[in-house]
Amino acid sequence: ALETATERWLVAQGLRPLARQVRYRLGELDLVMLHGEVLVFVEVKRRRSGTYGGAIEAVDARKRAKLIQLAAQYLAQHRIHDRACRFDVVLIQDDSGTTEPVQHIANAFDVAGDDLRW
């Protein structure tokens, strides 16, 4: 699966896996990982080709808001407080001939205001 290949690649970059495909009523967190002490929520996007822009364009404002809500649910469910968190976006491109990410954006977007309390 896409998430499995991405997880392996991120482990090779020094991240530690915590969970894969965490489902809630609102949607799904693709990967939850640790990078040092930082909790990382990873969104994995697949593109058929590079003609539609990169990973950042694949995660619009509505998707970012949803990811923030999903992360808040994860933190609440696992009673995680006072932990640094970040959101990463990984782009896999079907026409690249590999399952390795063609783009990895660490800390792809910030959480504004009190949308997510940690």
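At 12% relative accessibility, Glu7 counts as buried, where buried means under 20% relative accessible area, exposed over 50% and partly exposed in between (1.4 Å probe, protein chains only). Glu7 sits in helix H1, residues 2-12; helices (H or I, at least four residues) and strands (E, at least two) are DSSP runs, numbered from the N terminus. Beyond its neighbours within four places in sequence, Glu7 is in contact with Pro17, Arg20, Leu31 and Met33, contact being heavy atoms within 4.5 Å.

Please keep in mind that this is a predicted model, in which local features need pLDDT of at least 70 and side-chain atom pairs count only at pLDDT 80 or more, while totals for chains, interfaces and linings use all residues. Residues are numbered from 1 along each chain as its sequence is written, and side-chain values use heavy atoms, with hydrogens and water left out.

**The chain as a whole**

- The protein chain has 3 helices and 5 strands, and from the N terminus on they run α-β-β-β-α-α-β-β.
- Of the 118 residues in the protein chain, 42% are buried.
- Among contacts in the protein chain with a separation of 6 or more, 56% are between residues 24 or more positions apart.
- The protein chain has an accessible surface of about 6,800 Å², and carbon and sulfur atoms account for 44% of that; such areas come from the Shrake-Rupley method with a 1.4 Å probe, and for residues only the protein chains shown count as cover.

- Lys63, Leu67, Ile68, Leu70, Ala71, Tyr74 and Leu75 are the buried residues of H3.
- These residues lie on the same side of H3, because they cover an arc of only 165° around the axis, taken from the directions from the helix axis to the C-beta atoms.
- On the other side of H3, Ala61, Arg62 and Ala76 are exposed.
- The cover over the buried residues of H3 includes strands E1 (16-24), E2 (27-35), E3 (38-47) and E4 (85-93).
- After H3 comes Arg79, which has a positive phi, near 50°.

**Nonpolar cores**

- The largest nonpolar core has 21 residues, and Leu29, Val32, Leu39, Phe41 and Tyr74 have the most contacts inside it; a core is a set of buried Ala, Val, Leu, Ile, Met, Phe, Trp, Tyr and Cys residues joined through side-chain atoms within 4.5 Å.
- E1, E2, E3, H3 and E4 each give two or more residues to this core, and the largest share, 6 residues, comes from H3.
- Neighbours within four places in sequence aside, Leu29 is in contact with Arg20, Gln21, Val22, Tyr24, Phe41, Leu67, Leu70, Ala71 and Tyr74.
- There is also a second, separate core of 10 residues, which includes Leu10, Leu31, Val42 and Val44.

**Aromatic rings**

- The count comes to 3 aromatic pairs, with rings of Phe, Tyr and Trp (its six-membered ring) pairing if their centres lie within 6.5 Å; planes under 30 degrees apart count as stacked, over 60 as edge-to-face and the rest as tilted.
- Phe87 and Phe109 form a stacked pair, 4.7 Å centre to centre with 20° between the planes.
- Phe87 lies in strand E4 and Phe109 in the segment after strand E5 (103-105), so this pair ties together parts that are 22 residues apart in sequence.
- Both Phe87 and Phe109 are buried, and together with Phe41 and Tyr74 they form one aromatic cluster.
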